[in-house]
Amino acid sequence: MKNFRLLNWVLVALTAFYFTSCTNEPLEGEFVQPDDPTAIEIGQFKAQIDGVEFLATVVNATLTPENLLVISGVIEATGETITLTAADAGVGSFDLRTGNGNVNGAEYYSPGATTNPYTSSVDLDGSGQLSLTEFNTADLTITGTFSFIGKRIQLDSNGDPVLDGNGDPNVQDVSVTPGGFN
């Protein structure tokens with residue numbers, strides 16, 4: 001019986017020693033959050049459009065000889081398209097408000113729409129920002145994030161503007177944020 005009690009005390013002592021010898025090490029580094037919409041894998045182009053995920057099935061980036069960068073993501077099944085344009089492309093931030101001499105811009109074509117996109121036009125009070133964090137023409141890689149508020153004039157079935165009670169065109173908007181590509 002004494003051996004059994006002695007064995008119990010030895011087990012208690014070993015257990016206490018085991019738990020007191022543990023140290024808490026702080027976690028360091030960046031950890032991808034599973035629901036982070038800006039966590040982009042290589043080859044992806046995605047965004048949140050009014051809170052709904054947009055994940056392109058076709059991604060294209062073109063750099064013209066005039067250093068105009070055009071990036072687009074398309075969902076083939078629905079025709080949804082996001083197009084981003086930046087002049088004098090390189091690592092940095094770009095104002096996407098189209099107009100007043102600014103050729104930078106953003107467009108969103110809703111499912112099935114081939115005309116009348118939502119745009120980041122100054123004339124319609126649109127806005128947006130593009131940030132390029134990697135721009136390598138030798139390796140053909142580009143990484144960045146974007147967001148914009150796209151606006152468009154609502155059209156009727158004849159293609160004429162729908163007017164509000166004051167006789168002004170009815171403006172629709174869409175929020176495309178956050179977005180990213182790699």
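**Exercise 1: a residue and its core**

Leaving aside neighbours within four places in sequence, L84 is in contact (heavy atoms within 4.5 Å) with F45, L69, V70, I71, L96, G105, A106, L130, F146, F148 and F181. This is a predicted model, in which local features need pLDDT of at least 70 and side-chain atom pairs count only at pLDDT 80 or more, while totals for chains, interfaces and linings use all residues. Residues are numbered from 1 along each chain as its sequence is written, and side-chain values use heavy atoms, with hydrogens and water left out.

Task: find which residues of the largest nonpolar core touch the most other members.

Solution: A nonpolar core is a set of buried Ala, Val, Leu, Ile, Met, Phe, Trp, Tyr and Cys residues joined through side-chain atoms within 4.5 Å, where buried means under 20% relative accessible area, exposed over 50% and partly exposed in between (1.4 Å probe, protein chains only). The largest such core has 25 residues, and those touching the most other members are F45, I82, L84, L130, F146, V176 and F181. At least two residues of this core come from each of β1, β4 (68-75), β5 (80-87), β7 (105-109), β9 (127-136), β10 and β11; strands (E, at least two residues) and helices (H or I, at least four) are DSSP runs numbered from the N terminus.

**Exercise 2: the aromatic rings**

Task: determine how many aromatic pairs there are, and describe two that involve F181.

Solution: Rings of Phe, Tyr and Trp (its six-membered ring) pair if their centres lie within 6.5 Å, and planes under 30 degrees apart count as stacked, over 60 as edge-to-face and the rest as tilted. By this rule there are five aromatic pairs. F45 and F181 are stacked, because their ring centres are 6.1 Å apart and their planes at 20°. Since F45 lies in strand β1 (residues 45-49) and F181 in strand β11 (residues 171-181), this pair ties together parts 136 residues apart in sequence. F45 is buried at a relative accessible area of 0%, and F181 is buried at 2%. The rings of F146 and F181 are also stacked, with centres 6.2 Å apart and planes at 25°. This second pair links F146 in strand β10 (residues 141-153) with F181 in strand β11, 35 residues apart. Ring pairs link F45, F54, F146 and F181 into a cluster.

**Exercise 3: a threonine**

Task: decide whether T143 is buried or exposed.

Solution: T143, in strand β10, counts as buried because its relative accessibility is 18%.
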